Amino acid sequence: MRVLVTGGAGFIGSHLVERLLAEGHTVVCLDNFDDFYSPDLKRLNLTRVASHPRFRLVEGDILDRPVVEQACADAPDVVIHLAARAGVRTSIVQPDLYARVNVQGTIAVLEACRRQGVEHVVFGSSSSVYGRQDAHPWAEDGTAPRPASPYGWSKLAGEQYCRMFHDLCGVPVTCLRFFTVYGPRQRPDMAIHRFARCMASGEPVPVYGDGQAVRDYTFVDDVVDGILRALAHPGGYRVYNLGSGRPVALCDLIGMLGRAMGVTWTVRWLPPQPGDVPATHAAIERARSELGYEPRTTLEHGLASFVRWFREQGRPWTSA
């Protein structure tokens with residue numbers, strides 16, 4: 001199968017590219033190596049695949065139509081669209097950028113898919129589409145989206161354009177809502193990575209709010225497995241949660257990470273941040289029954305894997 005992965009140099013994307021190549025697929029990665037965090041770190045993500053004979057890298061932006069057309073030059077069978085401007089908090093101060101990249105960029109990718117006759121589109125969405133909810137867990141059809149940030153709204157808009165694309169073109173589209181993905185290569189702005197850097201350097205761990213916010217932490221290998229399962233089950237327009245289904249309070253997460261690193265730590269308490277939500281909690285019954293998705297990595301094992309990677313990487317990542 002010929003697969004185009006947008007955002008393939010990123011955290012989730014690079015793991016996915018490696019798995020696709022290992023399973024015998026031909027992969028084109030489209031990435032603009034933007035400056036949300038160091039482009040050099042994203043290039044490190046592709047070290048293992050850079051010289052693979054079935055891998056091709058196209059550097060460029062999803063908003064640049066000729067670049068997207070170049071990435072589609074091999075007539076991919078499937079497009080997995082992960083490229084996006086990430087980050088809830090930064091979206092609050094740059095909402096126009098998030099609308100441009102995450103909405104207009106998604107439209108540009110879908111248009112290229114239409115012109116190339118792509119057989120299946122997989123869209124990387126986010127648990128941020130749910131926003132603030134009173135009842136848990138969150139089911140795909142049973143929980144009405146209420147995004148609490150421009151980032152969440154941009155992902156919800158992307159889903160709606162995917163639905164329209166399916167309705168107009170008849171192409172199967174699968175939207176996957178990722179829940180707090182962590183593991184090796186996690187972006188340096190994300191909580192577990194920030195906390196690890198603070199612990200490693202002896203600095204206090206910054207905690208916004210009272211530390212009781214809960215998150216559905218999902219190990220990256222489980223998410224990649226979910227993406228591959230979605231890839232193998234095209235059908236109409238479908239939305240799936242990819243989470244662990246086992247939410248954990250922030251203070252408990254910090255304690256588990258500290259024990260995995262074998263360090264003592266202190267906390268620096270900070271006011272709650274705009275756009276943050278008190279909880280995320282995925283209902284995964286649909287993904288389990290329709291895709292055979294089953295997250296197998298416990299938080300303890302996932303954090304141990306992250307810590308091993310964190311210590312092996314040295315300065316380029318630990319000082320990010």
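The lining of the second largest pocket draws at least two residues from each of α1 (11–22), α2 (39–45) and α11 (299–313). Helices here are DSSP runs of H or I with at least four residues, strands are runs of E with at least two, and both are numbered from the N terminus. The model is a predicted one, in which local features need pLDDT of at least 70 and side-chain atom pairs count only at pLDDT 80 or more, while totals for chains, interfaces and linings use all residues. Residues are numbered from 1 along each chain as its sequence is written, and side-chain values use heavy atoms, with hydrogens and water left out.

Which element gives the most to the lining of the second largest pocket? It is α11, with three residues. The space in this second largest pocket is about 270 Å³. Its lining has 12 residues, and those closest to the centre are Arg48, Pro184, Arg185, Trp309 and Gln313. By class, the lining holds four nonpolar, four polar and four charged residues. Nonpolar covers Ala, Val, Leu, Ile, Met, Phe, Trp, Tyr, Cys and Pro; charged covers Asp, Glu, Lys and Arg; the others, Gly among them, count as polar.

Rolling a probe the size of a water molecule over the atoms shows where empty space is left. On a 1 Å grid over the protein atoms alone, a cavity is a set of points where a 1.4 Å probe fits but cannot get out, whereas a pocket is an open set with protein on both sides within 12 Å along at least five of seven lines; lining residues have an atom within 4 Å of a point. Grid points are joined across faces, edges and corners, and a volume is the space filled by probe spheres set on the points.

The structure has one cavity of 30 Å³ or more. Arg2, Val3, Leu4, Thr26, Val27, Val28, Asp74 and Pro76 line the largest cavity, with β1 (2–6) and β2 (26–31) each supplying at least two of the lining residues. This lining divides into five nonpolar, one polar and two charged residues.

Asp74 also takes part in a salt bridge, with Arg56 as its partner and the closest N and O atoms 3.2 Å apart. The two residues lie 18 residues apart, Asp74 in the loop between α3 (65–71) and β4 (78–81) and Arg56 in strand β3 (residues 55–59). A salt bridge is a side-chain nitrogen of Lys or Arg within 4 Å of a carboxyl oxygen of Asp or Glu, and the structure holds 20 of them.

Glu69 and Arg115 form another, with the closest N and O atoms 2.4 Å apart. Glu69 lies in helix α3 and Arg115 in helix α5 (residues 95–116), so this pair ties together parts that are 46 residues apart in sequence.

In a further salt bridge, Arg286 pairs with Asp141, the closest N and O atoms being 2.4 Å apart. Arg286 is in helix α10 (residues 285–291) and Asp141 in the loop between β5 (120–126) and α6, 145 residues apart. Arg286 counts as buried because its relative accessibility is 15%, whereas Asp141, at 64%, counts as exposed. Buried means under 20% relative accessible area, exposed over 50%, and partly exposed in between (1.4 Å probe, protein chains only). Salt bridges also link Arg19, Glu23, Asp225 and Arg229 in a network.
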